[in-house]
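Let's take a walk through a protein model together. Keep the picture open as you read, and look up each residue as it comes along.

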Amino acid sequence: MDESGEKGETPNKRLDTTEIYQKALDDLVNVNSLFTIAVFVGLSLAHPGERSLEDRTECDADPDVAKRLVVFEVISFSFFLLSSLVAKTLKVHLNVYRQKNPRTIKLKIIRGSMLLLSAWGSIFGCVFLTMSMVDVIQIKVGKLSCGSVYAFRAAGSLIAIVLLALGIYVPFLMHAIYFSMTHRE
């Protein structure tokens, strides 16, 4: 407490939004890197004419599934790359404008917009990665249209878990971005 009886803020306890942004951006880039590895693993599984684990030949994925897998993987990679590059750019922006008042409306709009673009790039990357993984399941286990229990279990589990994760991630992230743009330090 200071002389007036109020608690004084110590420099270490003060909320430093720049550091929070930078840590969040580092985490986002790290997660995008992991997802990018998954993209290349998925691409390595796209072999034309590959037989599925299902015993019936009509359950083998046709070349269109492999082509769609490659397209979804490329789109997913593009979104993760967009997200990571925007996040890195925002980190540079934060370091360059560290001394400026972060409460100015122009800086808040730039930071918030870049953070939103980076976050949505990562979200869309996850969606397309999930779609590509469903195609990997169809290539390896058997087409969903054949009624393979194992393909349905794998695809259903994947979709349910990703939807749960995004259902938690998106609202909390959007609230955090909104709070960072409207909060006064």
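Predicted model: local features only at pLDDT ≥ 70, side-chain atom pairs only at ≥ 80, totals over all residues.

Residues are numbered from 1 along each chain as its sequence is written, and side-chain values use heavy atoms, with hydrogens and water left out.

Let's begin with charge. The structure holds 1 salt bridge, meaning a side-chain nitrogen of Lys or Arg within 4 Å of a carboxyl oxygen of Asp or Glu. The partners are the side chains of Arg-68 and Asp-135, at 2.8 Å from N to O. Arg-68 sits in helix α2 (residues 63-96) and Asp-135 in helix α3 (residues 105-140), so the pair ties together parts that are 67 residues apart in sequence. Helices here are DSSP runs (H or I, at least four residues), numbered from the N terminus. How buried or exposed are these two? Arg-68 has 34% relative accessibility and counts as partly exposed, while Asp-135, at 2%, counts as buried. (Buried is under 20% relative accessible area, exposed over 50%, partly exposed in between, using a 1.4 Å probe and protein chains only.)

Now for the rings. There are 4 aromatic pairs: rings of Phe, Tyr and Trp (its six-membered ring) pair if their centres lie within 6.5 Å, and planes under 30 degrees apart count as stacked, over 60 as edge-to-face and the rest as tilted. Take Phe-79 and Phe-124: their centres are 5.5 Å apart and their planes at 35 degrees, so this pair is tilted. Phe-79 is in α2 and Phe-124 in α3, so parts 45 residues apart in sequence are tied together. Phe-79 also pairs with Phe-128, and that pair is stacked, with 5.8 Å between centres and 20 degrees between planes. Ring pairs join Phe-72, Phe-79, Trp-120, Phe-124 and Phe-128 into a cluster.

Finally, the nonpolar cores. Such a core is a set of buried Ala, Val, Leu, Ile, Met, Phe, Trp, Tyr and Cys residues joined through side-chain atoms within 4.5 Å. The largest has 12 residues, among them Leu-25, Leu-90, Met-114 and Ile-177. Helices α1 (17-44), α2, α3 and α4 (149-182) each supply at least two residues of this core, and α2 gives the largest share, 4 residues. A second, separate core of 7 residues includes Val-39, Ile-123, Leu-129 and Val-170.
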